[in-house]
Amino acid sequence: MIRFLVFCLVSVFLITLVRAFIGIILKGFAELMNPHEQDSATAGAQQVPAGGVLRKDPVCGTYVAEISSTKLTVKGETIHFCSSECRDKFTKT
């Protein structure tokens with residue numbers, strides 16, 4: 001009975017190791033087949049810094065990081081916009 005339990009535990013352990021080893025090999029093989037997949041996915045994305053102060057866009061109401069916002073100074077006050085389109089809408093009104 002004890003021999004059977006030890007056999008089962010060793011089998012489960014070996015199966016887990018084999019699955020992990022096969023997973024690592026398949027992941028490496030997938031990266032070899034598509035080496036630029038990750039680069040092309042992030043190439044079109046705009047890099048926005050994490051953290052910082054959020055400011056509310058007065059036109060559309062979205063919150064945008066102060067660092068990456070489009071700014072407009074009116075009467076000495078800086079107004080932050082999410083895009084140049086919102087800034088243009090604000091200046092038309």
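Arg55 is partly exposed, with a relative accessible area of 35%; buried means under 20% relative accessible area, exposed means over 50%, and partly exposed lies in between, with a 1.4 Å probe and protein chains only. The model is predicted, so local features need pLDDT of at least 70 and side-chain atom pairs count only at pLDDT 80 or more, while totals for chains, interfaces and linings use all residues. Residues are numbered from 1 along each chain as its sequence is written, and side-chain values use heavy atoms, with hydrogens and water left out.

The side chain of Arg55 meets that of Glu66 in a salt bridge, 2.8 Å from N to O. A salt bridge here is a side-chain nitrogen of Lys or Arg within 4 Å of a carboxyl oxygen of Asp or Glu. Arg55 belongs to strand β1 (residues 54-56) and Glu66 to the loop between β2 and β3, so the pair ties together parts that are 11 residues apart in sequence. Glu66 counts as partly exposed because its relative accessibility is 27%.

The structure holds 2 salt bridges. Asp88 and Arg87 form one of them, and their closest N and O atoms are 3.6 Å apart. Asp88 has 35% relative accessibility and therefore counts as partly exposed. Arg87 is partly exposed too, with a relative accessible area of 25%.

These residues sit in a chain whose elements can be listed in order. The protein has 3 helices and 4 strands, and from the N terminus on they run α-α-β-β-β-β-α. Helices (H or I, at least four residues) and strands (E, at least two) are DSSP runs, numbered from the N terminus.

Is Ser69 buried or exposed? Ser69 is buried, because its relative accessibility is 9%. Its side chain reaches the backbone oxygen of Glu66 at 3.1 Å. A polar contact is a pair of N or O atoms within 3.5 Å; within protein, one must be able to donate a hydrogen and the other to accept it, and residues adjacent in sequence count only if both atoms are side-chain atoms. Leaving aside neighbours within four places in sequence, Ser69 is in contact with Val64, His80 and Phe81, where contact means heavy atoms within 4.5 Å.

Thr70 is found in strand β3. Beyond its neighbours within four places in sequence, Thr70 is in contact with Ile79, His80, Phe81, Ser83, Ser84 and Arg87. The C-alpha atoms of Thr70 and Cys86 are separated by 9.0 Å, and these two residues are 16 residues apart along the chain.

Ser83, one of the contacts of Thr70, is in the loop between β4 (77-81) and α3 (84-92). Ser83 is buried because its relative accessible area is 19%. A polar contact of 3.2 Å joins the side chains of Ser83 and Glu85. The side chain of Ser83 also reaches the backbone nitrogen of Cys86, at 3.3 Å. With neighbours within four places in sequence left aside, Ser83 is in contact with Asp57 and Thr70.

Next come the aromatic rings. A pair of aromatic rings is described by the distance of the centres and the angle of the planes. Rings of Phe, Tyr and Trp (its six-membered ring) pair if their centres lie within 6.5 Å; planes under 30 degrees apart count as stacked, over 60 as edge-to-face and the rest as tilted. By this rule there is 1 aromatic pair. Phe81 and Phe90 form a tilted pair, 5.3 Å centre to centre with 55° between the planes. Phe81 counts as buried because its relative accessibility is 0%, while Phe90 counts as partly exposed at 28%.

Ile2, Val6, Val10, Phe13, Leu14 and Leu17 make a nonpolar surface patch of about 590 Å². Patches are made of residues with over 30% relative accessible area and no salt bridge; like charges are joined within 9 Å and nonpolar side chains (Val, Leu, Ile, Met, Phe, Trp, Tyr) within 5 Å. Leu17 is found in helix α1 (residues 2-33) and is partly exposed, with a relative accessible area of 45%.

Totals for the protein complete the account. The protein exposes about 8000 Å², and carbon and sulfur atoms supply 65% of it; accessible areas come from the Shrake-Rupley method with a 1.4 Å probe, and for residues only the protein chains shown count as cover. Of the 93 residues in the protein, buried residues make up 11%. Among contacts with a separation of 6 or more, residues 24 or more positions apart account for 19%.
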